[in-house]
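Dear colleague,

Please find below the sequence and structure that I am handing over to you. A short account of the findings follows them.

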Amino acid sequence: MESIIGYFGALIIGLVIGLLGGGGSILTVPLLVYLLAYNPVVATAYSLFVVGSSSLVGAIQKYKDGNVDIKTGLAFSFPSFIAVYLSRRFLVPWIPDEIFTLNNFIFTKDMLIMTFFALIMFLAAISMIKKQKRDLRSLDYKQPYPKTFIQGLVIGIITGFIGAGGGFLYVPALVLWANLPMKKAVGTSLVIVAFNSLIGFTGDMQTLKIDWEFLLIFSAITIVGVLIGGRLSNFIPNKILKKGFGYLILIMSIYILLKELYY
């Protein structure tokens, strides 16, 4: 029964990626951890593959619609996938299983990953819910590449640690820093997410035993959801979807924090 619900969840994750251009990992990691009982290290690794493969399909779909800026996408991707790979290959395995002990409370590596993940979810939710201010800069503005490189590194380290594709971070970054229109930012973010996630996952392949049968089935169902979501995005207002999803992950982030720290 749990596996059936899990595969249905994969379809929902795909719909979210197809509709919003990101956010799939925000659902994937909690689903794998709390419903399918994977530990957070494995769950974040699987999330990279699921979100990466489905984002690649979504990126192709958006490219055909003319909503991908390849040059900007590659500019962000290069520093990002380096950071994601190094995070998954060295940073995550380096963290000890027990971080600290306070009386009878033991703060573990799994708790650290899920707590940090929940905090990122919370910040992403707030950014989705609040009304965005209009960017008044010239449409011809292009920031210097060293800034793009540093921004890509920072986001790459964060997304690598929590096993997220990073679409919920790259979309606002592309709008505010690269000055892309929203639709093109969504499509371009899928290119970055696909590169980051799949290359980051190769770091996990060297340290974890992968259940390929489950992972491929789960990813295939997610890709079906991406294709459906991509078509539905033409009929549903993005603002309504974004705010509704924002409230959903806000509730989920609070639940994860309470579960990890108090239960």
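In what follows, a contact means heavy atoms within 4.5 Å. With that in mind, T222 touches A10, I13, G14, I17, V50 and S54, leaving out residues up to four places away in sequence. T222 lies in helix α9, residues 212–232. T222 is buried, as its relative accessible area is 0%; buried means under 20% relative accessible area, exposed over 50%, and partly exposed in between, with a 1.4 Å probe and protein chains only.

Some remarks on the source are needed. The model is predicted, so that local features need pLDDT of at least 70 and side-chain atom pairs count only at pLDDT 80 or more, while totals for chains, interfaces and linings use all residues. Residues are numbered from 1 along each chain as its sequence is written, and side-chain values use heavy atoms, with hydrogens and water left out.

Overall architecture

The protein has ten helices and two strands. These are DSSP runs numbered from the N terminus, with helices (H or I) of at least four residues and strands (E) of at least two. Read from the N terminus, the order of the elements is α-α-α-α-β-β-α-α-α-α-α-α. Of the 263 residues in the protein, 51% are buried. Among contacts between residues at least 6 apart in sequence, 80% join residues at least 24 apart.

Helix α3 and its partners

Helix α3 (residues 40–64) and helix α4 (residues 70–94) have axes that come within 13 Å and cross at roughly 165°. Axes here are lines fitted to C-alpha atoms, for helices over the stretch in contact, and angles run from 0 to 180 degrees between N-to-C directions. The two helices α3 and α4 are therefore roughly antiparallel to each other, a term used for angles over 145 degrees, whereas those under 35 count as roughly parallel, 65 to 115 as roughly perpendicular and the rest as oblique. The crossing of α3 and α4 is left-handed. A crossing has that hand if the near helix is turned anticlockwise from the far one by less than a right angle, and is right-handed if clockwise. V41, T44, A45, L48 and Y63 of α3 meet I70, R88 and V92 of α4 in this contact. By class, the residues of the contact of α3 with α4 are six nonpolar, one polar and one charged. Ala, Val, Leu, Ile, Met, Phe, Trp, Tyr, Cys and Pro count as nonpolar, Asp, Glu, Lys and Arg as charged, and the others, Gly among them, as polar.

Helix α3 also packs with α9, at an angle of about 35° and with the axes 9 Å apart. The crossing of α3 and α9 is right-handed. Residues of α3 in this contact include Y46, F49, V50, S53 and S54, and those of α9 include W212, F214, F218, S219 and T222. The contact of α3 with α9 has twelve nonpolar, seven polar and one charged residues.

Aromatic pairs

The whole structure holds 13 aromatic pairs. Rings of Phe, Tyr and Trp (its six-membered ring) pair if their centres lie within 6.5 Å, and planes under 30 degrees apart count as stacked, over 60 as edge-to-face and the rest as tilted. One of the pairs is that of F49 and F201, which is tilted, at 5.1 Å centre to centre and 50° between the planes. This pair links distant parts of the chain, with F49 in helix α3 and F201 in helix α8 (residues 182–205), 152 residues apart. F49 is buried at 14% relative accessibility, and F201 is buried at 2% relative accessible area. Ring pairs also join Y7, Y38, Y46, F214 and F218 into a cluster.

A37 sits in the loop between α2 (24–35) and α3. Its phi is near 65°, a positive value in a residue other than glycine. Most residues other than glycine have a negative phi. A37 is exposed, with a relative accessible area of 65%.

L261 belongs to helix α10 (residues 238–262) and is partly exposed at 32% relative accessibility. L261 and M111 are 150 residues apart in sequence, yet 7.8 Å apart in space, C-alpha to C-alpha. Apart from neighbours within four places in sequence, L261 is in contact with F105, F107, M111 and T115. L257 is placed in helix α10 too, and L257 touches T115, A118, L119 and Y262, not counting residues up to four places away in sequence.

With kind regards
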